[in-house]
Amino acid sequence: MIILLIYIAIFVGAFFAVKHITASTAPKDYTSLKTVTFGDESAVRPNRAASIISVGSIFVLWAAFTGSSLIPSFLHAPGAYSGMGEFTYTVEAEGETNDATVTVNVHDKEGDATVPEVALGDGFAKNDAVSIVKYRSKLLRVDQNDERGRDVGAKIIAINGEAIAPGGEVLTDFARVAMTPKGTLNIVPKTGWQMEPIWLPPPENVLKRVGDIATDGFRNFTLWEHLGFSLFRVILGFIFGALVGIPLGYAMGLSNWFRGWFDPIVEFMRPVPPLALIPLVIIWAGIGEVGKIILLFLAALWIMAIAARSGVSGVNITKVHAAYSLGASKWQIMRHVIVPNSLPEIFTGARVAMGVCWGTVVAAELVAAEKGAGMMIMVASKFQNTDIVLMGIILIGVIGFSIDVLMRWAEKLLVPWKGRS
C-alpha cells in the first residue's frame, strides 16, 4: 500500500510538473491546432516525458524498497534492523520480582550468527542471548537458565518496564516482543519497509543472474537457447493460429452460413483460458513439442478469427457500393476493399494474440520441457530463486514488447490508410 501511494504521488506530481514545463514549448503543428480533440485518436500521442518518468519511477521504487546499491542510500526505504539489540524482562516468582536482560544479535542470512556471550547476573532471573536472522523471528524460553522456573510458578510480567501478559506484546526500539499463551517470548526484529530478497531481489541481483546464465547456462542450456526456443514456439503457434483464424474470420464476416455455423464455437472457446486446455492437450497430443504448439495455436486461433470477422464487418458499406457502381467484381471488392479495410483490425488482433501466446508459453513449458523461458521460471520458482524468476519475467516482457513495437511498425508501413476515411 505504501508503494502504491508513493507511485500515485509520483504520477500526480510528474503530471503537473511536466505540464507546467512544456506549456510554453508545445509544438505548433496541425494536431496541436485542433479545436476538438476529445475522442479523436489522431490527437492523442504518447508523452515521451511521461514514458521516461514512468519507467524511471518503477526502477527507483524497486531499488529503494530492496536496498539496491544502484541508487544513493538516502533514497532507500527504511530497511530491516541489523545489529545488536537488547531488552529487559521482569520475572515474578514466589512473591519476588527480578529483572534480566536479553541480548539479541540480528544478522544477515550470510552474516555472523554468533550468539553473544553475556554474564548471567546475580539475581534469580539470569541474562540471556540469542541470534536471529533478519526478517525472521525466534522463540526464547528465558526461564530455562533462571534459578526459578515455571515449575515454581515463575512468570514474566513486564518487558522494559511495560506490563505484558500471555497473548500480549511490547514494542522495543529494535523488535516486537510477544508472549505466547504458555509464557514463551517470541522476538520479531523490525523488518522496515524494504522487501526481503526472497520476495523481491534488488535490480543488481537480477542483472547479475542475466550475466551468469548467459555465460554458464541454466540446466545445460544457455540463456539465448531458452529464449530462442520460447520465441520459436510462440511464433509457430501464432502463425498456425493466424493461418486458420484469419480465413475463418473472413468466412464468418462474409457468409451467413459460416457465421451461423462457427459463431457458437468461436464465442464458446473465446473466454476459455488456454491454461484450462492443458490437460486435454496432453491427453490428445502428449507432452512433447506438438502439444505445446497446439496449445499456443489454440491461444491465437480464436482471437485472430474474431479480429478478422470484426474487420470484415466494420468495412464501410459506402465503399462497397462505390466499387460495385464502378463495375468491380466480387473478387475485386474482396481484393481492393474488404481486405485493405480489415487489415487494421487484424493487426490489432495479432498484437493481442501474440501477447496471449507469450502469457501461455510459461504454462505450455511447464509440462516436460527441457528448454524455454517458461521452464526456467518454473524450475527456479521451485527452489525459490526469485532473481531467476524475475529475470525470466522481465526478458519475456522485453521480447514481447519488442515484438509489439515491430508489429506496430509493420502496421504503419503496410496499412498507411488506417484511421482515414
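Is Arg 233 buried or exposed, and what is its relative accessible area? In this predicted model, Arg 233 is buried, with a relative accessible area of 2%. The legends below start from that residue and then visit other spots.

**View 1. Arg 233 pairs with Glu 289 in a salt bridge.** The N to O distance between the two side chains is 2.7 Å. Arg 233 sits in helix α4 (residues 223-254) and Glu 289 in helix α7, so the bridge joins distant parts of the chain, 56 residues apart. While Arg 233 is buried, Glu 289 counts as partly exposed, at 37% relative accessibility.

**View 2. Arg 309 and Glu 267 belong to a salt-bridge network.** Here the closest N and O atoms of Arg 309 and Glu 267 are 3.1 Å apart. Because Arg 309 lies in helix α7 and Glu 267 in helix α5 (residues 256-269), the pair ties together parts 42 residues apart in sequence. Arg 309 counts as buried at 10% relative accessibility, and Glu 267 as partly exposed at 28%.

**View 3. Lys 126 meets Glu 147 in a salt bridge between two loops.** This is one of the 18 salt bridges in the structure, with the closest N and O atoms 3.3 Å apart. Lys 126 is in the loop between β2 (96-107) and β3 (128-133), and Glu 147 is in the loop between β4 (138-140) and β5 (155-159), 21 residues apart. Lys 126 is buried, with a relative accessible area of 9%, whereas Glu 147 counts as exposed at 56%.

**View 4. The structure holds 1 cavity of 30 Å³ or more.** About 90 Å³ of space lies in this largest cavity. Its lining includes Ile 278, Ile 282, Lys 292, Leu 295 and Val 367. Helices α6 (278-285), α7 (289-313) and α9 (330-364) each give two or more residues to the lining. By type, the lining residues divide into 8 nonpolar, 3 polar and 1 charged.

**View 5. A nonpolar surface patch covers about 880 Å².** Among its members are Met 1, Leu 4, Ile 8, Phe 11 and Phe 16. Met 1 has its place in the segment before α1 (2-22) and counts as exposed, at 71% relative accessibility.

**View 6. Lys 190 lies in the loop between β9 (185-189) and α3 (203-216).** Lys 190 is partly exposed, with a relative accessible area of 40%. From C-alpha to C-alpha, Lys 190 and Ser 137 are 9.7 Å apart in space and 53 residues apart in sequence.

Definitions and conventions
Residues are numbered from 1 along each chain as its sequence is written. This is a predicted model: local features need pLDDT of at least 70, side-chain atom pairs count only at pLDDT 80 or more; totals for chains, interfaces and linings use all residues. Side-chain values use heavy atoms; hydrogens and water are left out. On a 1 Å grid over the protein atoms alone, a cavity is a set of points where a 1.4 Å probe fits but cannot get out, and a pocket is an open set with protein on both sides within 12 Å along at least five of seven lines; lining residues have an atom within 4 Å of a point. Grid points are joined across faces, edges and corners, and a volume is the space filled by probe spheres set on the points. Helices (H or I, at least four residues) and strands (E, at least two) are DSSP runs, numbered from the N terminus. Ala, Val, Leu, Ile, Met, Phe, Trp, Tyr, Cys and Pro count as nonpolar, Asp, Glu, Lys and Arg as charged, and the others, Gly among them, as polar. Patches are made of residues with over 30% relative accessible area and no salt bridge: like charges are joined within 9 Å, nonpolar side chains (Val, Leu, Ile, Met, Phe, Trp, Tyr) within 5 Å. Accessible areas come from the Shrake-Rupley method with a 1.4 Å probe; for residues, only the protein chains shown count as cover. A salt bridge is a side-chain nitrogen of Lys or Arg within 4 Å of a carboxyl oxygen of Asp or Glu. Buried means under 20% relative accessible area, exposed over 50%, partly exposed in between (1.4 Å probe, protein chains only).
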